[in-house]
Amino acid sequence: MGRRRSQAVTLADVARRAGVSVATASKAINARDQVAAATRERVLRAAAELSFSPGGRTPAIGLLTDERGGRFAMPILLGAETAIERLAGERMSVLLCDARGDAGRQRDQLTVLARQVEGFLVLGYDNDLRPSLPRDLPVPVVYAYTESDHDADTSVVADDEGGARLATEHLVAIGRRHIAHLTGPAAYRAARARANGLLAVLGGHGLRPAGGRPRYGEWSQRWGRDAAHELLATAPDTDAIFCGNDQIAAGVAQTLRERGRRIPDDVALVGYDNWTEFAADCRPPLTTVDLNLERLGATAVRHLVAALGGRPSPGVHRQPCDLVVRESTAGTPAARR
């Protein structure tokens, strides 16, 4: 169930009292034209009854993250801000707080922010399980690109298995039959989910992965280069490689060029994440799975705004991924083997 603030009157409290959404309450208080006169009067009356002051602090949502590089945090933040502007107007902003992996620092941030924000978005960077925040927080919490280990919480995560299915179906559709999978550490749930998606599609077509099994390693170009050398030595008939992220794929592309294998004519190549630094700049540009992080952030905000309005949506909500097709799979299919 949603957590509620007990110390201060919030915009969500006004909306609930007036029987409207947070967005409508914001528009009414800010005298926006989109609100009917009767509705505006009801919202203003509720604000007066609750002693809500529209001239006070600007309501905000706290976004908590442990990610240092911002690769995942920033797109989700952009999506969250866009959704907040659309749903709650200019009276709601986002406060980004990086705990830097320090549990004590996060506790301090929660203590301070819980008195200042309407709710929290908790951002992960690996789509994995994480401990739930303390149950006594007085505001709603939604987890984005991470899954809370408490089933009463709301989590919005990327559908990694579904994204891998898209990539593998694409490779099968263009005629590839010896498809290898090189991915990150097996300790990462995202890596395991992507491998499971690949295996499910291959099994459905009566195929096995080239080399006999998915290869787990590191999320790095160096590992991609080394793993590709080993793969081609042991499974020379490989005609496609699906990588667990774009960094691995960039390393694989280097090895394929060194070994005289043409992309995509000899070996089709697919990455994951749609990280422009690697995907668009790869030679040739890389077909990859887009996590739609901005859309994920917007979806998480919608769930949070619903919780602020007294309509929590507990459980895990999986955000679909998209396949972005570029030249690394768009050439002439390799000859059937």
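Axes are taken here as lines fitted to C-alpha atoms, for helices over the stretch in contact, with angles running from 0 to 180 degrees between N-to-C directions. Helices (H or I, at least four residues) and strands (E, at least two) are DSSP runs, numbered from the N terminus. The structure is a predicted model, in which local features need pLDDT of at least 70 and side-chain atom pairs count only at pLDDT 80 or more, while totals for chains, interfaces and linings use all residues. Residues are numbered from 1 along each chain as its sequence is written, and side-chain values use heavy atoms, with hydrogens and water left out.

The chain contains 11 helices and 14 strands. Of its 337 residues, 55% count as buried (under 20% relative accessible area, with a 1.4 Å probe and protein chains only). When contacts (heavy atoms within 4.5 Å) between residues at least 6 apart in sequence are considered, 71% join residues at least 24 apart.

We can turn next to a sheet and the helix lying across it. An open sheet is formed by 4 strands in the order β9-β8-β10-β11, with parallel pairing; two strands pair if DSSP finds at least two bridges between them. Its edge strands, β9 (215-216) and β11 (268-270), each pair on one side only. Strand β8 (residues 179-183) runs parallel to strand β10 (residues 240-243), and 4 bridges join them. Within β10, Phe 242 stands opposite His 181. Helix α7 lies across β8, β9 and β10, and runs at about 175° to β8.

Helix α7 (residues 189-204) also meets helix α6 (residues 160-173): their axes come within 7 Å and cross at roughly 40°. This makes α6 oblique to α7, since angles under 35 degrees count as roughly parallel, over 145 as roughly antiparallel, 65 to 115 as roughly perpendicular and the rest as oblique. Residues making the contact include Asp 160, Glu 161 and Ala 164 of α6 and Ala 190, Ala 193 and Arg 194 of α7. The contact residues divide into 7 nonpolar, 3 polar and 5 charged; Ala, Val, Leu, Ile, Met, Phe, Trp, Tyr, Cys and Pro count as nonpolar, Asp, Glu, Lys and Arg as charged, and the others, Gly among them, as polar.

A further helix pair is formed by α1 (residues 11-18) and α3 (residues 37-49), whose axes come within 8 Å and cross at roughly 120°. These two helices are therefore oblique to each other. Here Val 14, Arg 17 and Ala 18 in α1 meet Arg 42, Val 43, Ala 46, Ala 47 and Glu 49 in α3. This contact comprises 5 nonpolar, no polar and 3 charged residues.

Definitions and conventions. Buried means under 20% relative accessible area, exposed over 50%, partly exposed in between (1.4 Å probe, protein chains only).
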